[in-house]
Amino acid sequence: MFVSTISPKDIPSQGTAIGEAIELGISCFDENEHSKAIIIITDGENHESNAIETATAATQLGIIVYTIGMGLPDGSPIPVINSYGQEIGYKKDRQGNTVITKLNEVMLQQIAAAGNGDYV
């Protein structure tokens, strides 16, 4: 139910900070809970450097980290979707250039391996 209500628009600052996402996931678990897992759905373009270390820390707390890659290894533009679900263009940077995102499978495989999980 929760997953169906979330959107990238719920995040005030855009960008990928996988380590911070894992840290937030870790903080959501009670230490008495069993079968804990974090599932990361991303292109893997990480704008920080501590994702692998944070995934390793999660495993020490009994949390498995799985990664699901979205996008294309050669890159593709990021569509902008209006409130009606219609594509109305592509995301632009401050200079007006179309932003291209590239799937970083190697990074996602490394994070999943460090988190004792799998990459899809």
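## Overall fold

Of the contacts in the protein with a separation of 6 or more, 73% are accounted for by residues 24 or more positions apart; contact means heavy atoms within 4.5 Å. The model is predicted, and local features need pLDDT of at least 70, side-chain atom pairs count only at pLDDT 80 or more, and totals for chains, interfaces and linings use all residues. Residues are numbered from 1 along each chain as its sequence is written, and side-chain values use heavy atoms, with hydrogens and water left out.

The secondary structure consists of 4 helices and 6 strands, in the sequence order α-α-β-α-β-β-β-β-β-α. Helices (H or I, at least four residues) and strands (E, at least two) are DSSP runs, numbered from the N terminus. The protein has 120 residues, of which 28% are buried; buried means under 20% relative accessible area, exposed over 50%, and partly exposed in between (1.4 Å probe, protein chains only). The accessible surface comes to about 8300 Å², with 55% of that belonging to carbon and sulfur atoms. Accessible areas come from the Shrake-Rupley method with a 1.4 Å probe, and for residues only the protein chains shown count as cover.

## Strands 1 and 2

Strand 1 (36-42) and strand 2 (residues 63-69) pair in the parallel sense over 7 bridges. Two strands pair if DSSP finds at least two bridges between them. Ile-41 stands opposite Ile-68, and Thr-42 has Gly-69 as its bridge partner in strand 2.

In a regular strand the side chains alternate between the two faces of the sheet. The covered face of strand 1 carries Lys-36, Ile-38, Ile-40 and Thr-42, while Ala-37, Ile-39 and Ile-41 are on the uncovered face. In strand 2, the covered face consists of Ile-63, Val-65, Thr-67 and Gly-69, and the uncovered one of Ile-64, Tyr-66 and Ile-68.

## A nonpolar surface patch

Ile-39, Ile-41 and Met-70 form a nonpolar patch on the surface, with about 330 Å² of accessible area together. Patches are made of residues with over 30% relative accessible area and no salt bridge; like charges are joined within 9 Å, and nonpolar side chains (Val, Leu, Ile, Met, Phe, Trp, Tyr) within 5 Å. A salt bridge is a side-chain nitrogen of Lys or Arg within 4 Å of a carboxyl oxygen of Asp or Glu. Ile-41, from strand 1, counts as exposed because its relative accessibility is 57%.

## The hairpin of strands 4 and 5

Strand 4 (residues 79-81) and strand 5 (residues 87-90) pair in the antiparallel sense over 3 bridges. Within this pairing, Val-80 stands opposite Gly-89. The two strands form a hairpin with 5 residues between them, and Gly-85 in the turn has a positive phi of about 80 degrees.

## Surroundings of Thr-101

Thr-101 lies in strand 6 (residues 100-101) and counts as buried because its relative accessibility is 9%. Its side chain makes a polar contact with the side chain of Asp-43 at 2.3 Å. A polar contact is a pair of N or O atoms within 3.5 Å; within protein, one must be able to donate a hydrogen and the other to accept it, and residues adjacent in sequence count only if both atoms are side-chain atoms. Not counting residues up to four places away in sequence, Thr-101 touches Asp-43, Glu-45, Leu-72, Gly-75, Ser-76 and Ile-78.

Thr-54 is placed in helix 3 (residues 51-60). Its relative accessible area is 7%, so Thr-54 is buried. Apart from residues up to four places away in sequence, Thr-54 touches Gly-19, Ile-22, Glu-23 and Ile-26.

Glu-48 is in the loop between strand 1 and helix 3. With residues up to four places away in sequence left out, Glu-48 touches Thr-16, Ala-17, Ile-18, Gly-19 and Glu-20.

## Positive phi outside glycine

Ser-35 is not a glycine, yet has a positive phi of about 55 degrees. The residue lies in the loop between helix 2 (18-27) and strand 1, and Ser-35 counts as exposed because its relative accessibility is 79%.

Asn-116 also has a positive phi, near 55 degrees, in a residue other than glycine. Asn-116 lies in the segment after helix 4 (105-114); at 57% relative accessibility, Asn-116 counts as exposed.
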